[in-house]
Amino acid sequence: MTQAQETGMYTQSMDLPDDAAEPRSAGLKAVPQALHPSEAELQAQFDTRIDADGKIEPRDWMPEAYRKTLVRQISQHAHSEIVGMLPEGNWISRAPSLKRKAILIAKVQDEGGHGLYLYSAAETLGTSRDQMLDALHTGRAKYSSIFNYPTLTWADVGVIGWLVDGAAIMNQIPLCRCSYGPYARAMIRVCKEESFHQRQGYEALLVMMQGTAEQKAMVQDAVNRWWWKCLAMFGPPDADSPHSAQGKRFGIKRIGNDELRQKFIDATVPQAQVLGVTLPDPELKWNEERQHHDHGEIDWDEFWATVNGNGPCNKERLATRVKAWNDGQWVRDAALAHARKQQHRALKEAA
Ligand code: FAQ
């Protein structure tokens with residue numbers, strides 16, 4: 001294996017164990033104790049299982065706040081996957097070779113699959129897919145800020161694989177150990193596929209960086225446009241993150257936004273060196289004392305404007321999803337009619 005391949009790799013070993021000496025709910029119970037004695041007992045059992053790093057399964061008792069946190073995060077995650085198909089999907093018909101086209105189709109299909117595992121995981125919490133999609137289509141639900149930026153050149157497709165999927169893996173590997181069984185299990189498969197996505201993007205860029213001056217400039221331009229947006233993917237700084245403390249107490253969020261962002265920067269700097277691109281941050285430098293890279297300030301105003309619907313492509317992304325949903329109505333109608341017919345036939349045969 002070449003050094004380049006090695007540096008471009010993300011593996012499960014990037015995950016860090018929690019501090020075992022500190023139980024998650026020590027001194028901080030997941031939610032205030034319920035008043036009813038039987039509920040208090042169930043809550044205590046739930047807390048004990050969370051502290052012991054056990055899994056919560058769909059039929060287990062869980063506090064309402066736990067259920068709500070999971071539905072919020074998993075449905076946002078599912079929406080991100082299916083909206084995330086759009087920026088790269090734009091390039092399927094313009095991929096520069098048959099090989100690149102086949103890889104890109106597989107990747108975009110994988111993202112659709114991730115959305116489906118995640119909607120299924122959220123459904124186990126008692127919310128329907130229709131409810132979740134209605135929230136997306138009416139603009140009430142969030143999805144990752146990163147998918148509201150345009151893919152202007154072929155190099156953007158490589159950079160999305162390298163940096164966007166790279167950031168997604170960094171965030172998702174700890175979720176493989178999340179306390180909710182269906183989410184954790186979905187994440188294991190998702191991370192394996194994301195690892196392929198990251199490598200194909202990095203490899204496409206390595207090839208372009210051995211090409212013409214125009215190709216190299218195209219890669220650098222794409223890196224310049226995506227770098228800061230990828231850092232913002234990890235969410236607001238911990239101090240401004242309303243859900244982090246609760247998410248950690250519930251064993252859903254294992255590592256905070258800032259720490260994951262730092263891990264991503266530290267992992268990406270050597271990859272950029274191998275590739276031969278400059279990361280567009282003059283303040284980016286190794287800090288010997290911290291054993292981490294220092295970096296410049298993220299434009300959080302721009303992040304929030306994008307999250308709140310005013311990024312460059314928000315309206316276009318939502319309109320595309322709504323159109324796909326409306327265009328697919330006949331397929332859902334036909335599937336339902338077929339299921340009803342089958343059910344009717346089965347009932348008749350049983351009678
Ligand atoms: N964009 O208190 P926190 C992918 C919202 S998948 C938009 O820190 P939390 C694969 C947040 O929802 C990418 N909104 O929240 C792929 C909350 O809003 P709310 C998606 C954001 O939940 C690659 C508010 O800000 N990955 O890329 C963002 O503890 C290529 C306060 O934030 C996941 O969803 C953002 N970047 O932490 C596909 C992973 N950041 O609900 C195609 C699972 C924060 O109060 C192509 N999710 N917000 O209205 C998570 O790990 C967490 O939910 C965080 C946010 C870390 C995203």
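A residue is buried if its relative accessible area is under 20%, exposed if over 50%, and partly exposed in between (1.4 Å probe, protein chains only). The model is predicted: local features need pLDDT of at least 70, side-chain atom pairs count only at pLDDT 80 or more, and totals for chains, interfaces and linings use all residues. Residues are numbered from 1 along each chain as its sequence is written, and side-chain values use heavy atoms, with hydrogens and water left out.

**Exercise 1.** Classify the ring pair of tryptophan 227 and phenylalanine 264, and state whether each residue is buried or exposed.

Solution. Rings of Phe, Tyr and Trp (its six-membered ring) pair if their centres lie within 6.5 Å; planes under 30 degrees apart count as stacked, over 60 as edge-to-face and the rest as tilted. The structure holds twelve such pairs. For tyrosine 66 and tyrosine 180, the centres are 6.5 Å apart and the planes at 75°, so this pair is edge-to-face. Both tyrosine 66 and tyrosine 180 are buried. For tryptophan 227 and phenylalanine 264, the centres are 5.9 Å apart and the planes at 20°, so that pair is stacked. Tryptophan 227 is buried, at 0% relative accessible area, and phenylalanine 264 is buried at 0% as well.

**Exercise 2.** Identify the cluster that contains Tyr66 and Tyr180.

**Exercise 3.** Over which ring does the charged end of arginine 332 sit?

Solution. The criterion requires NZ of Lys or CZ of Arg within 6 Å of the ring centre and within 35 degrees of the ring normal. The charged end of arginine 332 sits over the ring of tryptophan 325, 3.4 Å from its centre.
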